[in-house]
Amino acid sequence: MAAAITAAVTFPATKSTPFSARNTIVPPSDRLSFKKVVYARDLTASSVGGLAVRAQVIATEVEAEAEAPAAAKVEKQSKKNEEGVVVNKFKPKNPYIGRCLLNTRITGDDAPGETWHMVFSTEGEIPYREGQSIGVIPDGVDKNGKPHKLRLYSIASSALGDFGDSKTVSLCVKRLIYTNENGELVKGVCSNFLCDLKPGYEVKITGPVGKEMLMPKDPNATIIMLGTGTGVAPFRSFLWKMFFEKHEDYQFNGLAWLFLGVPTSSSLLYKEEFEFMK
C-alpha cells in the first residue's frame, strides 16, 4: 500500500499572524523517508523572528500489516420467542368480556386534560406479563356502520393486578378531546368510551400482545424508564412488581430510574405511589 503526506507548517513571526496547518496522518506501519526538506530563515527587518518550514514526506511502499479481525457482531436478543409468554389468546372475533371494577380520574382539576385509571375483571383468563398490552373494542359502530376496531393500550398493572389476585388488569387512559380546523369538537372514540365507563359495565378485551417490552427478569438489573403522560403505564407495572409485591422467586436488588414528563404538577400521574416507593 502506498501513502503520501504533504505537510505545510508556518510558525508566525508575531502573535497576530494567523496559524495554518494542513496534514494527513500516515499509518504507523508505513516507513517514512523525507524526500525533500527546505529550511529558510529570513533575518530582514520585516520578518525578524520569522521561521518557515516546508516539508514533503513520502511514505515508501510497504506491505500493510494484517488488519485486526473485526469484533464479533453482538446479536440483539429478541424476546419474541421467550417461553411462558401468552399472546393473542383473545382476538377481535372472540374477545374476552370483562367488567369495569374501578374507574377514577388521576389528574387534578386544573390539569390540561383528563387521565383515568381503570381496573377490569379478567377472572385470571388473560395471563399477561409486565410490559404487555391489551386491545379494547369500544361499543357502537363507526361512520360506515361497522363495529369499531380495537385500540391497543399498555397494561398499567403488574401480572398480579391491583388487587393482588391475578384476576384483574388495569389501564391508564387519557381522554382525547380537541377542536379541529373547522371549529368542531372531536372526541376520541375509545378513550371517551373507557373514561366514561361505570363500575359494572362490560368491556370487550383482546390480547394480551407484545414481547419486546417485557420487564427484565434479572433482579439485579439497572432499569431506566422514560415516559410522558400515559407513557408511564408499563413502568407502573414494573415498579409495582419491584417495590410493592413479594415473590418467592423474585426480589429486586437492582436500580430503577424513572423519568417523567408532564406539563403541570397536577398532571403527574400516580404521584403518591411513586413517593411511597422512594
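Is valine 262 buried, partly exposed or exposed, and why? Valine 262 counts as partly exposed because its relative accessibility is 32%; the class lies between buried, under 20% relative accessible area, and exposed, over 50%, using a 1.4 Å probe and protein chains only.

1. Basis. This is a predicted model, in which local features need pLDDT of at least 70 and side-chain atom pairs count only at pLDDT 80 or more, while totals for chains, interfaces and linings use all residues. Residues are numbered from 1 along each chain as its sequence is written, and side-chain values use heavy atoms, with hydrogens and water left out.

2. Valine 262. This residue is in the loop between β14 (255–261) and α3 (271–277). Helices (H or I, at least four residues) and strands (E, at least two) are DSSP runs, numbered from the N terminus. Apart from neighbours within four places in sequence, valine 262 is in contact (heavy atoms within 4.5 Å) with Ser267 and Leu268.

3. Annotated positions. UniProt, in an unreviewed entry, gives the feature "binding site" at Ser154, Lys174, Thr230, Val262 and Pro263. Its positions are given in the numbering used here, feature names are shortened, and annotations may be inferred rather than shown by experiment.

4. Threonine 230. The loop between β13 (222–228) and α2 (233–244) holds threonine 230. Threonine 230 is classed as partly exposed because its relative accessibility is 30%. Beyond neighbours within four places in sequence, its contacts are Thr115, Cys172, Val173, Lys174 and Leu269; Lys174 is also among the positions that UniProt lists under "binding site".

5. Threonine 168. Strand β9 (residues 168–174) contains threonine 168. With 2% relative accessibility, threonine 168 counts as buried. Setting aside neighbours within four places in sequence, threonine 168 has contacts including Leu101, Val119, Phe120, Tyr128 and Phe163.

6. Strand β5. Strand β5 (residues 96–105) runs antiparallel to strand β12 (residues 202–209), with four bridges joining them; strands pair if DSSP finds at least two bridges between them. Tyrosine 96 has isoleucine 205 in β12 as its bridge partner. Five bridges join β5 to strand β6 (residues 115–121), also antiparallel, and asparagine 103 stands opposite methionine 118 in β6.

7. Lysine 241. Helix α2 includes lysine 241. Lysine 241 is buried but has no salt bridge, and the nearest side chain of opposite charge, glutamate 130, is 4.1 Å away. A salt bridge needs a side-chain nitrogen of Lys or Arg within 4 Å of a carboxyl oxygen of Asp or Glu; Lys and Arg count as positive and Asp and Glu as negative, with His and the chain ends not counted. Leaving out neighbours within four places in sequence, lysine 241 is in contact with Glu130, Ser158, Met215, His247 and Tyr250.
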